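Have the model open while you read.

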Amino acid sequence: MSDIQIGGFVPFTTIDYPGKLAAVLFLRGCPLRCAYCSNRHLLNVGDGEYDTDKVLEWLHGRIGKLEAVVFSGGEALMQGDALIEYMRRVRDMGFAIGLHTNGFYPEMLQRAASVVDWIGLDFKATRESYGRLTGNDIAYERMIKSLDTWIATGRGMEARITCDPRFISKADVDDITTLLAARGVKNIAIQKYIPHFEDEKEQTTADAREQFFNDAALRDKINSRFESVIWRE
Ligand code: SF4
């Protein structure tokens with residue numbers, strides 16, 4: 001089989017797949033260049049740092065200990081059908097399969113539905129700000145198509161909004177969550193923006209980053225729209 005490029009690996013996590021002990025594989029390559037990306041070292045496609053067969057062997061040794069394997073990135077779906085084939089091999093060991101995605105590849109996501117049990121989908125900003133945040137003018141439309149594609153499968157998902165005050169306001173979060181609820185999303189996460197690099201640290205204040213979490217009226221309104229809302233600080 002053609003190989004995938006694994007650039008990072010977390011052997012144990014309780015927070016990346018809802019309710020399951022999981023390992024996370026980080027795949028190389030991403031079509032976007034988000035201003036707040038904390039995985040810049042993974043953005044370019046190149047040789048993977050992990051031997052994919054050895055990772056499978058390692059996972060085999062975790063049967064009965066771990067419950068799920070999450071494919072993250074970068075954008076894992078950029079690896080195409082080789083990824084789906086690899087996911088199938090992992091699933092055949094008995095693991096649930098999770099996928100963190102930016103939604104840029106709706107057709108691949110449709111194909112992945114044959115093997116993926118749950119996704120975390122980024123909804124990064126309003127249509128107006130999406131291109132400026134991601135460096136890509138068609139990312140919003142593709143993400144919306146992925147959102148509708150996945151909802152139609154009836155499988156598990158969490159829509160995620162990272163509240164970077166350079167690109168999103170409280171009114172935007174209100175609007176986006178209204179849209180998500182209207183489209184049938186049941187579970188969302190509102191994530192605090194944490195600057196990781198020196199060039200980001202001067203560009204926002206703690207107050208600006210906290211504003212989404214300190215507004216009780218906004219929180220109540222958003223909480224009332226979904227079955228579950230995680231306020232991820
Ligand atoms: S989609 Fe994710 S990995 Fe890609 S640039 Fe944006 S934050 Fe980074």
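## A strand with partners on both sides

Ala23 sits opposite Val69 in β3. The pairing of β2 with strand β3 (residues 68-72) is parallel and spans five bridges; strands count as paired when DSSP finds at least two bridges between them. Strands here are DSSP runs of E with at least two residues, helices are runs of H or I with at least four, and both are numbered from the N terminus. This is a predicted model, where local features need pLDDT of at least 70, side-chain atom pairs count only at pLDDT 80 or more, and totals for chains, interfaces and linings use all residues. Residue numbers start from 1 along each chain as its sequence is written.

β2 also pairs with strand β1 (residues 6-13), this time antiparallel, through five bridges. Phe9 has Leu25 as its bridge partner in β2.

## How covered is β2?

Strand β2 covers residues 22-27, and six of its six residues are buried, meaning that 20 or more other C-beta atoms lie within 10 Å of a residue's own C-beta, placed from the backbone (12 or fewer is exposed, in between is partly exposed). In a regular strand, side chains alternate between the two faces of the sheet. In β2, Ala22, Val24 and Phe26 point one way, while Ala23, Leu25 and Leu27 point the other, and all are buried.

Together with helix α1 (residues 52-60), β2 and β3 form a right-handed β-α-β unit. Right-handed means that, with the strands pointing away from you, the path from the first strand over the helix to the second runs clockwise.

## Around the ligand

Which residues surround the ligand? The shell consists of Cys30, Leu32, Arg33, Cys34, Cys37, Asn39, Leu43, Gly73, Gly74, Glu75 and Asn102, counting a residue as near if its C-beta atom, placed from the backbone, lies within 6 Å. By class, that makes five nonpolar, four polar and two charged residues. Nonpolar covers Ala, Val, Leu, Ile, Met, Phe, Trp, Tyr, Cys and Pro; charged covers Asp, Glu, Lys and Arg; the others, Gly among them, are polar.

## The chain as a whole

Zooming out, the chain has nine helices and eight strands. Its radius of gyration is 17 Å, close to the 17 Å from the globule rule for 233 residues, so the chain is as compact as a globular protein of that length. That radius is taken over C-alpha atoms, and the rule is 2.2 Å times the number of residues to the power 0.38. Of the 233 residues, 36% count as buried.
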